[in-house]
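Here is a walk through one protein model, taken step by step. Keep the sequence and the structure in view as you read.

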Amino acid sequence: MTTVLDDIIVGVRQDMDERKAQVPLEEMKEKAAHAPAALDALAALRGASEDTLEVISEVKRSSPSKGALSDIPDPADLAAAYEAGGAAAISVLTEQRRFKGSLADLKAVRERVSIPVLRKDFTVDEYQIYEARAYGADLVLLIVAALDDETLQRFLDLTHELGMSALVETHTPEEIERAKAVGARIVGVNVRNLKTLEVDNSNFEKLAHLLPEDAVTIAESGVLSAQEVADYASHGAQAILVGEALVQSGEPTETVQLFRETGQRARHEFLNHLKN
């Protein structure tokens, strides 16, 4: 039985093949080689101190589960508002069919902000990694559920060779072990089941103790208010990735500030509890 993830990947491959026909792999490699050096996303997500809760703020027009979220006529303006609120990085959806994103959005955001930018897409081919670097991404998404072990390792190695970082996304204990095995430095737990699109925020708490101690740990999805931010931080998240709540808030700068402040208080309490 095909899943939502399977269906999305079919479309991703079709759209990528069209881009490949316009710009072949060797040409894209050249573009990537001549792009400005990537920013250090790992350091940005670690934060200035251990009790910070960093925010990856997402430019997100639509989603398969909710449909249209926000028009976002100028993604660069939104990204600048996020940066003003203290976002550690900007996530830009580039998948066209379900999320209404584009590489043009990525390029516009990269040219506007001075913090790391994540290309948020379903990476299934090395072409997309070179493409991400060519368009200025500092960080790419590698979804463990979409890749076998050999491909995951190869993509992670290529990402690092190009000077970028990878957010390695997991959903289950088995996927966390696979992320550990390839040496992932940034590991996310997406509480949305990509096969059914259902969200269960308690999944982060259930899986947090399995995450590698030396990696940056990120809670993904399920943030609708400051309460969810506090919950994630209180269970050890070092960063959150949030889109829907920000694009629909009407006050992106202030909402990022609120989430950071809420998360820092909760993370401070979490660390104190560990020490005691």
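V55 stands opposite I240 in β10. This is a predicted model. Strand β1 covers residues 54-59 and strand β10 covers residues 239-242. The two run parallel, and 4 bridges join them.

A barrel is closed by 8 strands, in the order β1-β4-β5-β6-β7-β8-β9-β10. Their pairing is parallel. From one strand to the next, the twist averages 25°. Helix α5 packs on this sheet. There α5 touches β1, β4 (89-93) and β5 (117-120). The direction of α5 makes about 175° with that of β5.

Strand β6 (residues 139-143) pairs with β7 in the parallel sense, over 5 bridges.

How many residues of strand β7 are buried? The count is 6 of the 6, across residues 165-170, so β7 is largely enclosed by the rest of the structure. Both of its faces are covered. On one side sit S165, L167 and E169. On the other are A166, V168 and T170. Every one of these residues is buried.

Next, go to strand β9, residues 216-220, and find T217. Is T217 buried or exposed? Its relative accessible area is 7%, under the 20% cut-off, so T217 is buried. Setting aside neighbours within four places in sequence, T217 is in contact with V187, L211, P212, G236, A237, Q238 and A239. I186 is 31 residues away from T217 along the chain. Even so, the C-alpha atoms of T217 and I186 are separated by 6.1 Å.

Turn now to the helices. Helix α4 (residues 75-84) packs with helix α5 (residues 103-112). The angle is about 45°, and the axes lie 8 Å apart. That angle makes α4 oblique to α5. The crossing of α4 past α5 is right-handed. From α4, the contact uses P75, A76, D77, A79, A80 and E83. From α5, it uses D105, A108, V109 and R112. By class, the residues of this contact are 6 nonpolar, no polar and 4 charged.

α4 has another partner, helix α12, residues 252-275. Here the angle is about 35°, with the axes 7 Å apart. α4 passes α12 in a right-handed crossing. L78, A81, Y82 and A84 of α4 meet P252, T253, V256 and Q257 of α12. The contact of α4 with α12 has 6 nonpolar, 2 polar and no charged residues.

Finish with two backbone details. Most residues other than glycine have a negative phi. I72 is not a glycine, yet its phi is positive, about 45°. You will find I72 in the loop between β3 (67-68) and α4. I72 is buried, with a relative accessible area of 6%.

K100 also has a positive phi, near 60°, and is a residue other than glycine. Its place is the loop between β4 and α5. How exposed is K100? The relative accessible area of K100 is 47%, so it counts as partly exposed.

Key. Residues are numbered from 1 along each chain as its sequence is written. This is a predicted model: local features need pLDDT of at least 70, side-chain atom pairs count only at pLDDT 80 or more; totals for chains, interfaces and linings use all residues. Side-chain values use heavy atoms; hydrogens and water are left out. Axes are lines fitted to C-alpha atoms, for helices over the stretch in contact, and angles run from 0 to 180 degrees between N-to-C directions. Angles under 35 degrees count as roughly parallel, over 145 as roughly antiparallel, 65 to 115 as roughly perpendicular and the rest as oblique. A crossing is left-handed if the near helix is turned anticlockwise from the far one by less than a right angle, and right-handed if clockwise. Contact means heavy atoms within 4.5 Å. Ala, Val, Leu, Ile, Met, Phe, Trp, Tyr, Cys and Pro count as nonpolar, Asp, Glu, Lys and Arg as charged, and the others, Gly among them, as polar. Buried means under 20% relative accessible area, exposed over 50%, partly exposed in between (1.4 Å probe, protein chains only). Two strands pair if DSSP finds at least two bridges between them.
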